[in-house]
Structures are given as C-alpha cells and as structure tokens.
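I opened a new model today and kept notes as I went.

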Amino acid sequence: IPDLPSRIGRSHRAFRPFSLEGCLDTALVAAAEVWFEKGTPPEGPFPVNNTNRSVGAMLSGYLEFLGCVPPPRPLSFSFHGVAGQSFGAFCASGVTLVLRGAANDYLGKGLSGGTLVVAPPEKSGFEPGRSAIVGNTALYGATSGEAFLLGRSGERFAVRNSGARAVVEGTGNHCCEYMTGGVVVVLGATGRNFGAGMSGGIAFVLDEDEMLERRCADEDLQVSPLETSEEDALLRELLDAHQRHTGSPRAGILLENWETERHMFRKVVPRKRTTMP
C-alpha cells in the first residue's frame, strides 16, 4: 500500500486520542505495525483472560482506518487462556485469531471476513463432543469469514449469520436462528428449536441419534440427506479445513470413512430457498 509507513505515523494521533493502557489490542496493533514495516511476524501466544473483551476488534478497526483490509500481509495471532466476551468481534478479512483455551459469549460477533479458531490446550483431556468451548450467541450477525471450534457451543449459535462459514462439534438450543446466509456444520447433537426463522444459508448436521427433525423449529425447514455432488464437496471442504485448523479427531474419522459416514449427515435449508449459499 503506497505511503503505508507515513499513514501509520499519522494514525497514532488520530486513532489513539485517549489512553488504552492495558488493552490487549494495543499490543496487537503494535505487532501489526512491525509486521507491515519490517516483516517481523507477531510473537505469541498472547495470554488472554475474561477481562479481555472484544479482542481483535480494535485491530480490525485500525486496519480499516489505515485503508488496508485485507492487510498487505496476512496477520495471524495466537492466544492461550479463557477469553472474555466478543473474542474476534468484527474480525476483518486477512486476520486469523487462534485461541488455545475457551471463549465466553458472542465469539465472532459481526465476523467480517476473518478466521477464528478455538481449540482446547494440547493434552487437556477435553472431549470436544461433550464439552462447551465457547459460550452463547457465537457468530451473532456474522457477514463473512470462517470459524472452526473444537468443542460445543452454547445457545443461539450463528444467530443472524448472513455469510460466514463455521464448523462446531455440537450446539445448544436455537442454533441458526434467523440465519439468512452462510454455511454451518454441526458435528454432533443440537438443542431444540433449530433454525427458528431461518430464511437462507445451509446447515449440515451429523444426525447420529436421528433426532434432528424433532429438534427443528417448524415445517418451514427442509431436512434431507446430501443430494448433490456440490453439497458433498462443500461439506468435505469444510471438514478438511476444520481438521487442519483444530486437529479434530471427529472430522478426521469422517473424512477417512466418507462413503459410510456421509449418510449420517442431514442438510437443513428453508423450503423456499432454491440456490446454494
């Protein structure tokens, strides 16, 4: 980007008019500036705890302020700990945030093109299909980007999602509520009221207990096996990405035994929708 170093210099006065001492994002912004100017990648992992809210939001706002979304060099940050609310909120295109630990409510709120990965610490004994790794209302209002979560989510996963793609190993109640676009893959059980008010997008659910139809919100949803080669390819692509980003054992088994395991997936779409997302 032309004149990027001088843009960064001028931004310190305009973008930082008040004290943000102690805010984790100030360290992320500083690391991004070094990456852009000197080519030195961000060091990590950064420790994070539940007092660190909206981690990554100021970084994405700063990139937009500089006029470099996506950034001239992709940015990737790693973290460890338990993040506060809204980890990865409004995460911009070209930014990847990887958390080893867990996150509270509203992970990826307004996700805007970035990539979020949450996985338990190595050798933790965590059982992805049984334990929650993120809180409620993850990916609320997401518009684009991807999220890969090695564990279950709380309630209202991907509410009002309009374009993001996500893989999670199980969800609570009200998953995909008011969803208008994007793709959600659930590798385990869901709660009740699945897809309430869903008017677009597509969900793939591993329906091992054959209870998905009973858990769906109403008759406006169509629940069916995989029907086309395009659906098959899309699901396998997301499973492969999930396995690469998180090391998911479940995704690995599914891919290794695809011809057998694919028959347990159910596709959920609004009955009135006629095109792929």
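**Notes on the fold and the rings**

I began with contacts: of those in the chain between residues at least 6 apart in sequence, 47% join residues at least 24 apart. A reminder to myself: this is a predicted model.

Next I looked up the secondary structure and found seven helices and 10 strands in the chain. I then checked the radius of gyration, which is 19 Å, close to the 19 Å from the globule rule for 277 residues, so the chain is as compact as a globular protein of that length. Along its principal axes, the C-alpha trace spans about 55 × 40 × 30 Å.

How much of the chain is buried? I read off 50% of the 277 residues. The chain exposes about 12500 Å², and carbon and sulfur atoms supply 48% of that area.

**Aromatic pairs**

I searched the whole structure for aromatic pairs and got five. For phenylalanine 79 and phenylalanine 87, the ring centres are 5.4 Å apart and the planes stand at 90°, so I noted the pair as edge-to-face. Are these two residues buried or exposed? Phenylalanine 79 is buried, at a relative accessible area of 1%, and phenylalanine 87 is buried with a value of 1%.

I also wrote down tryptophan 258 and phenylalanine 265, a tilted pair with 6.0 Å centre to centre and 40° between the planes. Tryptophan 258 and phenylalanine 265 are both buried.

Then I followed the ring pairs along and found that they link Phe46, Phe77, Phe79 and Phe87 into a cluster.

**Charges over rings**

Which ring does the charged end of arginine 73 sit over? I found it over the ring of tryptophan 35, 5.4 Å from the ring centre. Likewise, the charged end of lysine 109 sits over the ring of tyrosine 106, 5.6 Å from its centre.

**Helix H5**

I checked the length of helix H5, residues 229-246. At 1.5 Å a residue its 18 residues should span 26 Å, and the end C-alpha atoms are 26 Å apart, so the two agree.

I listed the buried residues of H5 next; among them are Leu234, Leu235, Leu238, Leu239 and His242.

Technical notes
Residues are numbered from 1 along each chain as its sequence is written. This is a predicted model: local features need pLDDT of at least 70, side-chain atom pairs count only at pLDDT 80 or more; totals for chains, interfaces and linings use all residues. Side-chain values use heavy atoms; hydrogens and water are left out. Rings of Phe, Tyr and Trp (its six-membered ring) pair if their centres lie within 6.5 Å; planes under 30 degrees apart count as stacked, over 60 as edge-to-face and the rest as tilted. Buried means under 20% relative accessible area, exposed over 50%, partly exposed in between (1.4 Å probe, protein chains only). A charge sits over a ring if NZ of Lys or CZ of Arg is within 6 Å of the ring centre and within 35 degrees of the ring normal. Helices (H or I, at least four residues) and strands (E, at least two) are DSSP runs, numbered from the N terminus. The expected span of a helix is 1.5 Å times one less than its number of residues. The radius of gyration is taken over C-alpha atoms; the globule rule is 2.2 Å times the number of residues to the power 0.38. Contact means heavy atoms within 4.5 Å. Accessible areas come from the Shrake-Rupley method with a 1.4 Å probe; for residues, only the protein chains shown count as cover.
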